[in-house]
Amino acid sequence: MQLDIRLPIGLMFAVLGALLAGFGLVADKSVFQGSLGINVNLWWGLVMLVFGVIMFLLGRRGTATARLTEESAEGKKIEEMEHRTGLEK
Amino acid sequence: MKLTYLDWIVMVVYFVFVLGIGFALKRYMKTSTDFFLSGRSIPAWITGLAFISANLGAQEVIGMGASGAKYGIMTSHFYWIGAIPAMAFVGVFMMPFYYGSRARSVPEYLKLRFDEKTRGFNAISFAVMTVLSSGISLYAMGLLLETLLGWNFSFSITIAAAVVLVYVFLGGLTSAIYNEVLQFFLIVFGFAPLVFLGLKDAGGWSGLQARLATVATANGFASGAWTESWSHLGSPQSNPMGIEWFGLAMGLGFVLSFGYWCTDFLVVQRAMAAKSMSAARRTPLIAAVPKMFFPFLVIVPGMIAIALTYKSGSSGFMLPKKPDGTFEYNMAIPLMLGHYFPTGMLGVGLTALMASFMSGMAGNVTAFNTVWTYDIYQSYINRGATDQHYLWMGRMATIFGILVSVAAAYVATRFNNIMDMLQLVFAFVNAPLLATFLLGMFWKRTTGHGAFIGLLAGTTAAAIHQGLTLPLGAHVGVKGGWFGAMHIYPSELAQAFWTAIFAWTACFVVTALVSLATRAREEKELVGLVYSLTERPKEDRLPWYERPTVLAVIVLLAAIVLNIIFW
């Protein structure tokens, strides 16, 4: 399977978002004095969670992948050039 | 700044993903092309975001915050004239040569276009500078974490170096690129709430403007000096940066920015990893979009910091002062993170900072291992070996590069001038290089002798200019003046811009003259390497949003609009 970049990115933000939002739900309100009384963790955590989930789902459809040189047209041309000019055996 | 278990969990999650990506990509590193060029298979939006993130080291994030506090919205010039035009130019006009020539690195393009000695000069100077740069990044990170969180310097740099080593060793350029994209999103998510909270504290944009007017008048400038980016460029005395519009436009807008974005392999490498010519050309243009809006993410917090220091908001945030009475500008962003962010969010913000240091380092290391393996090792030491041998060498170069970076970080603790010195060396080398590339790509008559001697002349001119001038209030030494200060510049930035202008001009003139005096190459050898001898890439079969020229025009117009809004 090829690794679509959106999978790890989506997963990480979903995890972080869930962590933050979860904390924001159960935390004591005094923690948010510095942030002008706003529950940043909850709101922004939810945003990150949604972003992460969307990214992950897009990744499942998979076009943003890493590919081997032998599977990409341009990569093959580079290999060919290296052999032709004697840079590599 | 106090961290709780939640912040630690956030950081651990990040490290797990970063290493996990490295491990997951190992299986795709079968050939040297996989390792150094990602198999030339990466889609444009990824290379675009990596292009911008490779450039966005934490020094930029912290430095731009500091400059935002020190100079106000004028700092955005580093982005809106210091980056966007150069990025549009490299995408539309220079990528066809970088990508189309099948060069595997910037020095290799110089070899194809000119000759070995020009390639050697560039390869060696770049390799040294990039690995030292990586060390400086590491040093700056260690210092910041020590100051902010009390973490042991050796501990933080060892962990960071080890993590970068593992993921680059395993997954090569692809790993670096994936992690750079991850870093990009972390920066956006980690910093956006800071802008929101800071603005709220300062009374919205109009409240910020009013406070900044106080800052400006308190420092002896017109009230709009911190919020208007062009209106006060008539003379060096009327703005906090100490420059006039010509020095800014030519020094920063042209020489330094084009010099960096068009020739620095660190960023160009990301475009070279793209899956097609059109993707490679679109890479810098796609990167230009977030680049345009980054001032709001990194500069505005700095402006907010200084605004609140002069006239405090409801939360009482203030910038601390150094023992000599000047502000600790570099602490603007880190302290604001600590002031406004609750635990958890703070973890995200700090992780974003660490991520930028680390991916800046990874960018330098991947550029180094490629230039070392292809341009130094393969060209001068061991040509014609097997592909697997070069792949192995790339991995060894990664280890070596990281070790040298760590050593450089320790050296930097002894000589705190090292950052300034590196900036200086970059200016000396990058500015003339731009002239070499422009003449090389757009004038078929340029010869190898011309290029090489021109580079030497440009670098020498830079050294002479630096030796004959000093910024206001500086002592003779790294800041210049070693031949006797004939001219005093109102600020360091002004001196830097003018050094760049002189270096570029000297290189340009000398390269042109020497080229005319030496034998030109056969035109058929230069096909694909020079503008007049290469077919323009065809765009008519692409939809409008994939055409590089269309995207470039849109990007430039947007940048102009931003400049007008903040005139």
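1. Start with a helix pair in chain B: Thr47(B), Ala50(B), Phe51(B), Ala54(B) and Asn55(B) of helix 3 meet Leu266(B), Val267(B), Arg270(B) and Ala271(B) of helix 12. Contact here has a cut-off: C-beta atoms, placed from the backbone, lie within 7 Å. Helices are DSSP runs of H or I with at least four residues, numbered from the N terminus. By class, this contact has 6 nonpolar, 2 polar and 1 charged residues. For the classes, Ala, Val, Leu, Ile, Met, Phe, Trp, Tyr, Cys and Pro are nonpolar, Asp, Glu, Lys and Arg are charged, and the others, Gly among them, are polar.

2. A word on provenance. This is a predicted model, where local features need pLDDT of at least 70, side-chain atom pairs count only at pLDDT 80 or more, and totals for chains, interfaces and linings use all residues. Residues are numbered from 1 along each chain as its sequence is written, while chains are lettered from A and ligands numbered from 1 in the order in which they are written.

3. On confidence, the model scores ipTM 0.89 and pTM 0.89. Chain B has a mean pLDDT (the predictor's confidence in each residue, from 0 to 100) of 88, with 99% of its residues at 70 or more.

4. The axes of helix 3 (residues 44-55) and helix 12 (residues 265-272) of chain B come within 8 Å and cross at roughly 170°. Axes are lines fitted to C-alpha atoms, for helices over the stretch in contact, and angles run from 0 to 180 degrees between N-to-C directions. The two helices are therefore roughly antiparallel; that label needs an angle over 145 degrees, whereas under 35 is roughly parallel, 65 to 115 roughly perpendicular and the rest oblique.

5. Helix 12 of chain B also packs on helix 6 (residues 84-100) of chain B, at about 75° with the axes 10 Å apart, so these two are roughly perpendicular. Met95(B), Tyr98(B) and Tyr99(B) in helix 6 meet Val268(B), Ala271(B) and Met272(B) in helix 12. This contact has 6 nonpolar, no polar and no charged residues.

6. The contact between the chains takes 36 residues from chain A and 51 residues from chain B. On the chain A side, helix 1 (6-26), helix 2 (40-61) and helix 3 (73-84) each give two or more residues, and helix 1 of chain A has the largest share, 9 residues. That side divides into 23 nonpolar, 7 polar and 6 charged residues.

7. Met55(A) lies in helix 2 of chain A. It counts as buried because it has 22 C-beta neighbours inside 10 Å; the scale is buried at 20 or more other C-beta atoms within 10 Å, exposed at 12 or fewer, and partly exposed in between. Leaving aside neighbours within four places in sequence, Met55(A) is in contact with Arg6(A), Ile9(A), Gly10(A) and Phe13(A).

8. The largest nonpolar core has 227 residues, and Val164(B), Val181(B), Met303(B) and Phe497(B) have the most contacts inside it. Such a core is a set of buried Ala, Val, Leu, Ile, Met, Phe, Trp, Tyr and Cys residues joined through C-beta atoms within 7 Å. Helix 9 (residues 153-202) of chain B gives the largest share, 26 residues.

Definitions and conventions
Contact = placed C-beta atoms within 7 Å.
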